[in-house]
Amino acid sequence: MALHTPAVATHQARLATGNRSKERTPASIVFLALLWVSLFVAFATLVALIVTTIAQGADRLDARLFTEYPSSRPEEAGARPAILGSLWVIGTTAVLAIPLGVAAAVHLEEFADRRHWFNRFIELNIQNLSAIPSIIYGMLAIGTLALIGVGNKNIVIGGALALALLILPVIIIATREALRAVPRELRHGSLALGSTELQTTWRITLPSAVPGIATGTILALSRALGEAAPLLLLGALVFISFDPNGLLSGFTTMPIQIYGWTNAPQAGFHELAAATSILLVGILLAMNALAIVIRNRYQRRW
């Protein structure tokens, strides 16, 4: 039993007073005030931008936006090819990036020897690749397509390759974090019952980490959906009047279409750009909401 002598009580009181005094120093108060001001300015700017965009493009957020093709007359134009192109590119990106990213993360986290210099080198490069500007991945995709002899780089598979390279490090990192959250006791129990390491990973570890993997993957795909720089570098068309119909088809996406309409001099195209921006923001918010729902509903508390 601990003895609370007057000296000990006095010492504890001094420590508590000292901690409170350090929290209320002028420097800490100024830092906290600057932090709140920065947060308020960023939030106010975002709200003003969203309200302005909605006010400008609400009238063109109609069925024509989904069914019509781009035109030289803004009242007849729509974003049908851009919407379908975004679906094609993001769907192909998911097929390319998710299996490879999850497999790489499982290998690095469950089977690779972390003490080996090569594995440490790979892990370091994955961390660095997640912070590289997106246009660099567009350059890498161009080099890859040129290396295999593809002449026309403005194709769905080319854009998907650039975006897959962009989100691959993010998927790997998110998957590894989800795998680390699974308790080691589950692995040890499975191995003690006679399962192999592969069976334990496939039947115990990976299913338990699915909520975290799904959340990270959806957030990565939402980032890819809003990218335009690597696709513009690949020569993605700003104006097309046909629907993408395959991996080798030309394409455009919603961010590129918004970029093209924003540079047009007519006010009607600016309204179209605002309406497409509302649609894009709505899709991104829905994807992020889905990630939050998956995390909150299926995440396990160990």
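The structure is a predicted model, in which local features require a pLDDT of at least 70 and side-chain atom pairs count only at pLDDT 80 or more, whereas totals for chains, interfaces and linings use all residues. Residues are numbered from 1 along each chain as its sequence is written, and side-chain values use heavy atoms, with hydrogens and water left out.

The structure holds 12 salt bridges, each defined as a side-chain nitrogen of Lys or Arg within 4 Å of a carboxyl oxygen of Asp or Glu. In one of them, Glu 109 pairs with Arg 176, with the closest N and O atoms 3.0 Å apart. Glu 109 lies in helix H4 (residues 80-111) and Arg 176 in helix H7 (residues 156-180), so the pair ties together parts 67 residues apart in sequence; helices are DSSP runs (H or I, at least four residues) numbered from the N terminus. Glu 109 is buried, at 5% relative accessible area, and Arg 176 is buried at 7% (buried, under 20%; exposed, over 50%; partly exposed, in between; 1.4 Å probe, protein chains only).

Glu 110 is buried at 15% relative accessibility, as is Arg 187 at 6%. In the salt bridge between Asp 113 and Arg 115 (3.4 Å, N to O), Asp 113 is partly exposed at 35% and Arg 115 exposed at 70%.

Notes: Helices (H or I, at least four residues) and strands (E, at least two) are DSSP runs, numbered from the N terminus.
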